[in-house]
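Biologist: I should like to learn how to read a structure of this kind. May we go through it feature by feature?

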Amino acid sequence: MRRPTSVRDRIGWAPTMSDAAESALAAGRRRAADASLPYFGAVTPAEAMALLESEPAARLIDVRTRAEWDYVGRVPGSVLIEWNTYPDGTRNQEFVDELRRTVGETDAPVLFLCRSGHRSDSAARAATAAGYTRAFNVLEGFEGNKDAEGHRGNLGGWRKAGLPWVQG
């Protein structure tokens with residue numbers, strides 16, 4: 001019997017994965033293990049993009065509010081499932097049900113994105129608890145953390161990385 005030689009062989013990922021995606025997957029798995037995270041992986045925005053480009057079944061789920069999605073910007077092809085509802089900020093009790101309707105397959109790679117990586121961590125935990133075996137948190141989120149002046153978008157995030165996004 002052949003011994004698995006790559007990350008994708010060891011976990012049964014798609015055989016067509018690019019080198020960049022395999023590297024991203026390995027880094028995400030390592031971060032999750034190092035931090036004892038309950039979900040599959042924690043990836044940077046660029047790593048998330050590599051995985052999305054390499055795996056047709058992968059889905060990017062934006063867990064920000066509809067207002068953030070509409071006014072701050074969004075990633076083309078992503079799906080909005082609010083973690084907290086706007087404007088009251090209450091937790092979306094239908095989150096897992098909406099995820100199931102949107103993604104369906106519990107073994108599909110599901111990457112969660114929010115503003116800075118905190119709500120998406122909670123979403124990845126909830127997805128894992130609901131049986132999703134390949135849940136990822138996209139670190140830094142869409143806008144990244146606040147800088148010294150309290151502004152987002154300068155210290156990291158999807159937009160800062162120069163990845164595709166649209167506004168309005």
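The dialogue below takes up confidence, charged pairs and aromatic rings in turn.

Biologist: What is the average pLDDT of the chain?

Modeller: This is a predicted model, and the chain averages a pLDDT of 90, with 90% of the residues scoring at least 70.

Biologist: Over which residues does pLDDT stay under 50?

Modeller: Where pLDDT is low, the predicted coordinates should not be read in detail. Here that concerns residues 1-11, where pLDDT stays under 50. For this stretch the model has 17 contacts beyond four places in sequence.

Biologist: How many salt bridges does the structure hold?

Modeller: Side chains of opposite charge can pair when their charged atoms come close. The structure holds seven salt bridges. One of them joins Glu-47 and Arg-31, whose closest N and O atoms are 2.7 Å apart. Glu-47 belongs to helix H3 (residues 45-54) and Arg-31 to helix H2 (residues 19-34), so this pair ties together parts that are 16 residues apart in sequence.

Biologist: Is Glu-47 buried or exposed?

Modeller: Glu-47 is buried, its relative accessible area being 14%. Arg-31, at 27% relative accessibility, counts as partly exposed.

Biologist: With which residue does Glu-68 form a salt bridge?

Modeller: The partner of Glu-68 is Arg-119, and the closest N and O atoms are 2.9 Å apart. Since Glu-68 lies in helix H4 (residues 66-71) and Arg-119 in helix H6 (residues 119-129), the pair ties together parts that are 51 residues apart in sequence. Glu-68 counts as buried at 11% relative accessibility, and Arg-119 counts as buried at 16%.

Biologist: In which helix do Asp-121 and Arg-125 both lie?

Modeller: Both lie in helix H6, four residues apart, which is about one turn of the helix. Asp-121 is buried, with a relative accessible area of 16%, whereas Arg-125 counts as partly exposed at 36% relative accessibility.

Biologist: Which residues does Asp-121 touch, not counting residues up to four places away in sequence?

Modeller: On that basis, Asp-121 touches Leu-37, Tyr-39 and Asn-137. With Tyr-39 there is also a polar contact of 2.5 Å between the side chains.

Biologist: Let us turn to the rings. How many aromatic pairs does a search of the whole structure find?

Modeller: A pair of aromatic rings is described by the distance of the centres and the angle of the planes. The search finds four aromatic pairs. In one of them, the rings of Trp-83 and Phe-95 have centres 4.9 Å apart and planes at 80°, so the pair is edge-to-face. This pair links distant parts of the chain, twelve residues apart: Trp-83 is in the loop between S3 and helix H5 (95-103), and Phe-95 is in helix H5. Both are buried, Trp-83 with a relative accessible area of 9% and Phe-95 with one of 0%.

Biologist: What kind of aromatic pair do Phe-95 and Phe-112 form?

Modeller: Their pair is tilted, at 6.1 Å centre to centre and with 45° between the planes. Phe-112 lies in strand S4 (residues 110-113), 17 residues from Phe-95, and is buried with a relative accessible area of 0%. Trp-83, Phe-95 and Phe-112 form one aromatic cluster.

Biologist: Which residue lies over the face of Trp-83?

Modeller: Arg-91 does, at 3.5 Å from the ring centre. Elsewhere, the charged end of Arg-29 sits over the ring of Phe-40, 4.1 Å from its centre.

Notes. Residues are numbered from 1 along each chain as its sequence is written. Side-chain values use heavy atoms; hydrogens and water are left out. A salt bridge is a side-chain nitrogen of Lys or Arg within 4 Å of a carboxyl oxygen of Asp or Glu. Helices (H or I, at least four residues) and strands (E, at least two) are DSSP runs, numbered from the N terminus. Buried means under 20% relative accessible area, exposed over 50%, partly exposed in between (1.4 Å probe, protein chains only). A polar contact is a pair of N or O atoms within 3.5 Å; within protein, one must be able to donate a hydrogen and the other to accept it, and residues adjacent in sequence count only if both atoms are side-chain atoms. Contact means heavy atoms within 4.5 Å. pLDDT is the predictor's confidence in each residue, from 0 to 100. Rings of Phe, Tyr and Trp (its six-membered ring) pair if their centres lie within 6.5 Å; planes under 30 degrees apart count as stacked, over 60 as edge-to-face and the rest as tilted. A charge sits over a ring if NZ of Lys or CZ of Arg is within 6 Å of the ring centre and within 35 degrees of the ring normal.
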